[in-house]
Amino acid sequence: MIDVRQLKKSFGSLQVLKGIDVHIREGEVVVVIGPSGSGKSTFLRCLNLLEDFDEGEIIIDGINLKAKDTNLNKVREEVGMVFQRFNLFPHMTVLNNITLALMKVRKWPREKAEAKAMELLAKVGLQDKAHVYPDSLSGGQAQRVAIARALTMEPKIMLFDEPTSALDPEMVGEVLSVMKQLANEGMTMVVVTHEMGFAREVGDRVLFMDGGYIVEEGKPEDLFDHPQHERTKAFLSKVL
Amino acid sequence: MDFRFDIIVEYAPYFWQGLLVTIGVSLAGIVFGLILGLFIGLGKMSSNPIIRLPFSWYINFFRGTPLVVQILLVHFGAMPLFFAQPNAVASLAVSLSLNSAAYVAEIFRAGIQSIDKGQMEAARSLGMTHAQAMRYIILPQALKRMIPPFANEFIVLIKDSSLGMVIAAPEIMYWGKAAAGEYYRVWEPYLTVAFIYLLLTLSLSKLSHYLERKYSTQ
């Protein structure tokens, strides 16, 4: 589903990705962990080209992102993204946040888009918030709306960029449980997170990144209980 | 001190005509300044430094030189290249438009750049094009923030239209000066002129407050 080969990316003179190779299968939940500055968010953002990369290849569902005839907007419809800071549109109601892309990109009529939006809000348990503005939502609610919004285009892949890092601790659970539900439905997910419990419980595979490389990868139980590399051990000893 | 209301009464029809000219050139300056300014602001936001250059020098020139000099250059320099008999009102409207475009461009740029870049990213990640994201996500939020600086700029523009006096454009100030010259009086004509400008600028500032309230409650 996702094929990444020798991905390299620099910001000015600082190389943040030094050659990433990874293959992600359909329906797989891949959790990316690592210290801050390890390049994990940049890696995630490259997957829908929010961040351009310098070298290497990314192939999503058979489409090479850098090929000249690739319509990036079409690829992005297939790849939903959830951000650390939610990035809901503050000037629109929750409902309009969700219907906008359906109406403007897919050209659906309003009624059809709203029916779909209500269905997605029900899925994240927030039908009653359809007509409020985002600033009246709690962090957990806002992130659940953001997940519903990212699902509107029925993406095949969902990217999560530290989805619970900006939340108060008591709200982390509600967001993780929505993500768990998605994983159980067979969604292909790439999740950058510091929630090791989630990684262990829901992840099919964990990638540990440091210094622009994938240092170690494996099943959660192997990586967490028997890390091979010194850097992995050092990182895990601080966070577990 | 006697205050000669009869001078104001006698000049009332001229002040009225002057008011229409002032409103006319100010509106022209606002409308064309907005259109031209949006274009220049977008040009200045280009990622290509070669494209950016002429736009930033346009802004440097029109913000960095006195409006009165620009009016003289336009009326006696630029307009005669196109018209045998340059019209002072037209020259004034053109000068005000060119000048306000420079300020409007900077207001647009600052407004757009003040929106969190996560908004653009969220819109793009949903498959929207850059233009769609601008239109539905960035501009509606940015325009709200632009209302106070726009009001500020257009209040300045209304007052600056009085510089049309130097090319004898018959706006309010021109008639104030004429009345002052004819009767050799200061208070009556200039207080009248000041009062009319105050009415215009206060109305604009009320309008701005109304718009701000309207859009802040969503």
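Modeller: This is a predicted model. Start with the largest pocket: its lining divides into nine nonpolar, five polar and four charged residues.

Biologist: Which elements supply at least two residues of the lining of the largest pocket?

Modeller: Helix H3 (94-104) of chain A does, together with H6 and helix H8 (187-216) of chain B. H6(B) gives the most, with six residues.

Biologist: Which residues lie nearest the centre of the largest pocket?

Modeller: They are His91(A), Met92(A), Tyr133(A), Pro140(B) and Tyr215(B). In total, 18 residues line this pocket. The space in the largest pocket is about 400 Å³.

Biologist: How much space lies in the second largest pocket, and how does its lining divide by class?

Modeller: About 280 Å³ lies there. The lining has twelve nonpolar residues, one polar and no charged.

Biologist: Why is Arg45(A) with Glu121(B) called a salt bridge?

Modeller: The closest N and O atoms are 2.6 Å apart. The cut-off is 4 Å, between a side-chain nitrogen of Lys or Arg and a carboxyl oxygen of Asp or Glu. The value of 2.6 Å is within 4 Å, so the pair counts as a salt bridge.

Biologist: How many salt bridges are counted between chain B and chain A, and how many residue pairs in polar contact?

Modeller: The count is one salt bridge. Seven residue pairs are in polar contact, with both residues at pLDDT 80 or more.

Biologist: Which elements of chain B give two or more residues to the side that touches chain A?

Modeller: Helix H5 (117-125) and helix H6 (130-160) of chain B do. H5(B) gives the most, with eight residues. By class, that side of chain B has seven nonpolar, eight polar and four charged residues.

Biologist: What is the area figure for the interface, and why quote an area at all?

Modeller: Chain B and chain A bury about 1,900 Å² between them, 58% of it on carbon and sulfur atoms. The size of an interface is often given as the accessible area lost when the parts come together. The contact takes 19 residues from chain B and 25 residues from chain A.

Biologist: What makes a space a cavity rather than a pocket?

Modeller: In a cavity, a 1.4 Å probe fits but cannot get out, whereas a pocket is an open set. The structure holds one cavity of 30 Å³ or more. The largest cavity has a volume of about 30 Å³.

Biologist: Which residues line the largest cavity?

Modeller: From chain A come Met81(A), Phe83(A), Ala146(A), Arg149(A) and Ala150(A). From chain B come Ala122(B), Ser125(B) and Leu126(B). Helix H5 (139-151) of chain A and H5 of chain B each supply at least two of the lining residues. H5(A) gives the most, with three.

Biologist: How does the lining of the largest cavity divide by class?

Modeller: Six residues are nonpolar, one is polar and one is charged. Arg counts as charged and Ser as polar, so Arg149(A) is the charged residue and Ser125(B) the polar one.

Notes
Residues are numbered from 1 along each chain as its sequence is written. Chains are lettered from A and ligands numbered from 1 in the order in which they are written. This is a predicted model: local features need pLDDT of at least 70, side-chain atom pairs count only at pLDDT 80 or more; totals for chains, interfaces and linings use all residues. Side-chain values use heavy atoms; hydrogens and water are left out. Contact means heavy atoms within 4.5 Å. Buried area is the accessible area (1.4 Å probe) that two parts lose on being put together, summed over both. A polar contact is a pair of N or O atoms within 3.5 Å; within protein, one must be able to donate a hydrogen and the other to accept it, and residues adjacent in sequence count only if both atoms are side-chain atoms. Helices (H or I, at least four residues) and strands (E, at least two) are DSSP runs, numbered from the N terminus. On a 1 Å grid over the protein atoms alone, a cavity is a set of points where a 1.4 Å probe fits but cannot get out, and a pocket is an open set with protein on both sides within 12 Å along at least five of seven lines; lining residues have an atom within 4 Å of a point. Grid points are joined across faces, edges and corners, and a volume is the space filled by probe spheres set on the points.
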